[in-house]
Each structure stands twice: as C-alpha cells, then as structure tokens.
Amino acid sequence: MWKPEPNLEDLRYLLDRAGLTADLSLSAFRQMCLIRFFEDGIAERYYVGKQPEFNLASGPIRGEMHLAVGQEAVAVGVCSLLDDEDAVVSTHRPHHHAIAKGLAPGPLAAEIFGKASGLCQGKGGHMHLFDKASNFSCSGIVGASFPQAAGAALAFQCAGKHLIAVAFAGEGAANHGTFSETLNAASLWQLPLIIVIEDNLYADSTPKWQAMATAQHYQRALSYNIPAYLVDGMDFMDVYRVAKAATERARRGHGPTVIEAVCYRYRGHFEGDAGEYRTQEEVDLWRLRDPITLLGARLKKLGWADDGTLEREREAAKREAEQALAFAEQSPLPEAKQALMGVFR
Ligand SMILES: Cc1ncc(C[n+]2csc(CCOP(=O)(O)OP(=O)(O)O)c2C)c(N)n1
Ligand SMILES: [Mg+2]
C-alpha cells in the first residue's frame, strides 16, 4: 500500500497526538526484531529432518507451520496498547500476536516443539497456544476469532471492567459469516471489541480479488455503524495511531472498531508452500517496504535512534530469540503417560 511519506514536522505532530514517544517506538522496534528472529529461527529448525523428502511428521517440529514474517508491525502496533488482562484471540498464524501480547518466548517455542515445558505441555502445538497470564488464545479454525473475542468483550462489559478484547483475523477469514454476525452483535451491544484484519492479500493460495466482493473489509464494518480504519500494515506508526484511537474508544465504553491493515507475508502460506500463485517480483517489491527497516528509518529520521542503537536493539532481540529456541530444544518431550491427561476423551 503506497502512501506519501510525511515530512518531519507532520510526522512529529501525528506522533505527538498519538502519544507515541521515542522509548515506546524503540521498544516496538526491538519487539518486532524479536518476532522476526524468533520466526526465522523456527523456520530454520522446521526443515531439519524434512529434507530431501518433505514429511510433516518428521524433524524436531512436527505438523503444519504458518509464519507471519513481514506482518510484525500489525501485531506490535496493536498489542503495545494492551494490558495483560485485555484479551487477544488470534489465528492459525499466531506467533507474532503471541509475542507482541507478552507471552514468554521460551514456553512459546517449547509449545511449538511439542515439549513438556511448553505453554500447554506440548499438546497444543503452534496453532493452539493458550496463556492465561496474558489472556491469549488462538485456533486453527479460520473465522473463529471474531465471535470468541466478542464473547470475551461481552464478559468484560457484563463485569463492568474497562478491558478490551481484540480479534485478529486474515482477510480470507473475514469472508466468513462469523465476521458479519460479530459486527452486528458488537455494534448493537457496543462491545469493547477491536477487530484487526490483516489483509496480506492471500488466503492460502487464493488472491483476495478472487474471493471478495468488496475491495476492503472495513467497508462492511461501516454498514454496521462501526468506525473503521484502513491502514498501512507495514508501518508500525500508522497502526499504532489508529489502534490508540480504537483502544481509547473501547475503554471509554464507546464500542467496537475495525482496523484493516494491509500487509504482506514474506514466506509461504505454510512452510512447504511452493508459492506458485505469486511472482518473485511481487515478493521483492514488498521487501522494499519491510516493516522493521521502515521503523528503523523513521527512528533515525526523528533523531530517536542512530545506527548503533538500532544494532544494539537488534542484537538483544536476537539473543532473546536464540535463548527461547535453545530452551525449547533442550526441554524434554512429555512422558507417554501424559498423552491422555488434560484432554477430552
Ligand atoms: C473453518 C476453516 N476453513 C478452512 C480452513 C483451511 N485454511 C487454513 S488457513 C486458510 C486461509 C486463511 O486465510 P486468511 O484468513 O487470509 O489468513 P492468512 O493465512 O492469510 O493469514 C484456510 C482456508 C480452516 N483452517 N478452517
Ligand atoms: Mg490472508
């Protein structure tokens, strides 16, 4: 999504209005780097034992893997405005949301590896991450996050708490009926709900123009009398600015907001995806708008960081990701006798 770059004066004005400081922006930069190193590290380990023949069941990480490399700004832009008790319901592509919401990267990585020290003792795997402490959940059921987050928002409202629920979903998920049903109830009941649609242009291998009757989903929200924003999802500052407005509305009891963030996933829909539905030229073009590079450049433009500071933050994030992955690798697998414990039978 191309847009004119604001000049320094305008940028300062916009950030000042959103209360986005140098400290907050630098910490967002570090978190986005952490997510990137974490997911790059997962990708590297995922292919161990899966080459030359790709077999989902072999290697240290088994099953499907959906990574969100490229989509970090959306997760961090929204979640940096949330408290621990606010609820986040994520999707089949959940790691960036999980880290941004404050889940400890070690137990998160261990869950992905199916280890006993994982968030769910290794029984959920990468698509079923649950963390009570940070009120985070996700599932592999596309379109499920809308009503689940609405339920959490309704519970907050009934309890008189000034907490918020956030549903993350893809632009493909928003074609499901659950999106419309949730919009209707959320508007009617003025729920403290924020729906964040990550429009990464594809649902699996289906480009959005093959599946959507509207150009963007935020248009649907407007018809339910819900304020909605269309933002550049590669630009942390843009996402933060609208998320700030949305969280303030929700906390004051002024109802739901939809944020549609146009972004791009640099890796395949899942690991192992041959990616024949898009060209390398297209991927390269979006690489020019890498959200981490973009935020780094903005920090420098504002005089909030120099190359040395950015490098230190990058290095610190890399160490944290490597520690989390090492913790996962060194943790034991669950014992066989635990297989039927804590599950429906
Ligand atoms: C109810 C349901 N239908 C179909 C699927 C299979 N499926 C998994 S991911 C996916 C595409 C989702 O696209 P989108 O919502 O745009 O999210 P993205 O993968 O782009 O992040 C589909 C169809 C599923 N998991 N659940
Ligand atoms: Mg998509």
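Start with the shell around ligand 1: by class it has five nonpolar, seven polar and three charged residues. Here Ala, Val, Leu, Ile, Met, Phe, Trp, Tyr, Cys and Pro count as nonpolar, Asp, Glu, Lys and Arg as charged, and the others, Gly among them, as polar. Select V142, G170, G172, A173 and A203, the closest of the 15 residues that surround the ligand; a residue is near a molecule if its C-beta atom, placed from the backbone, lies within 6 Å of it.

A word on what you have open: this is a predicted model, where local features need pLDDT of at least 70, side-chain atom pairs count only at pLDDT 80 or more, and totals for chains, interfaces and linings use all residues. Residues are numbered from 1 along each chain as its sequence is written, while chains are lettered from A and ligands numbered from 1 in the order in which they are written.

**Zoom out**

Show the whole protein as a cartoon and you get twelve helices and eight strands. These are DSSP runs numbered from the N terminus, with helices being H or I of at least four residues and strands E of at least two. Along the principal axes, the C-alpha atoms fill a box of roughly 55 × 50 × 40 Å. The radius of gyration is 20 Å, which agrees with the value near 20 Å for a compact globule of 345 residues; that radius is taken over C-alpha atoms, and the globule rule is 2.2 Å times the number of residues to the power 0.38.

Colour by burial next, and 46% of the 345 residues count as buried. The cut-offs are 20 or more other C-beta atoms within 10 Å of the residue's own for buried, 12 or fewer for exposed, and partly exposed in between, with C-beta atoms placed from the backbone.

**Two helices**

Now pick α3 (residues 72–79) and α9 (residues 236–251), which pack at an angle of about 35° with their axes 8 Å apart. The axes are lines fitted to C-alpha atoms over the stretch in contact, and angles run from 0 to 180 degrees between N-to-C directions. Show side chains for A73, V74, V76, G77 and V78 of α3, then F236, V239, Y240 and A243 of α9, since these make the contact (C-beta atoms, placed from the backbone, within 7 Å). That set divides into eight nonpolar, one polar and no charged.

Step into the loop between α3 and β1 (87–90) to find S80. Is S80 buried or exposed? S80 is buried, with 21 other C-beta atoms within 10 Å. Beyond its neighbours within four places in sequence, S80 touches L24, A28 and Y240.

Go to the loop between α2 (22–46) and α3 for P52. The peptide bond leading from Q51 to P52 is cis, with omega near 0°. Most residues other than glycine have a negative phi, and most peptide bonds are trans.

Q121, in the loop between α5 (105–112) and β2 (136–138), has a positive phi of about 55° without being a glycine. Q121 is partly exposed, with 17 other C-beta atoms within 10 Å. Then try L201, between β4 (193–199) and β5 (202–203), where phi is positive at about 75°, again not at a glycine. L201 has 18 C-beta neighbours inside 10 Å and counts as partly exposed.

**Last stop**

Finish at E335, in the segment after α12 (307–330). E335 is exposed, with 9 other C-beta atoms within 10 Å.

Note on methods: Two residues are in contact if their C-beta atoms, placed from the backbone, lie within 7 Å.
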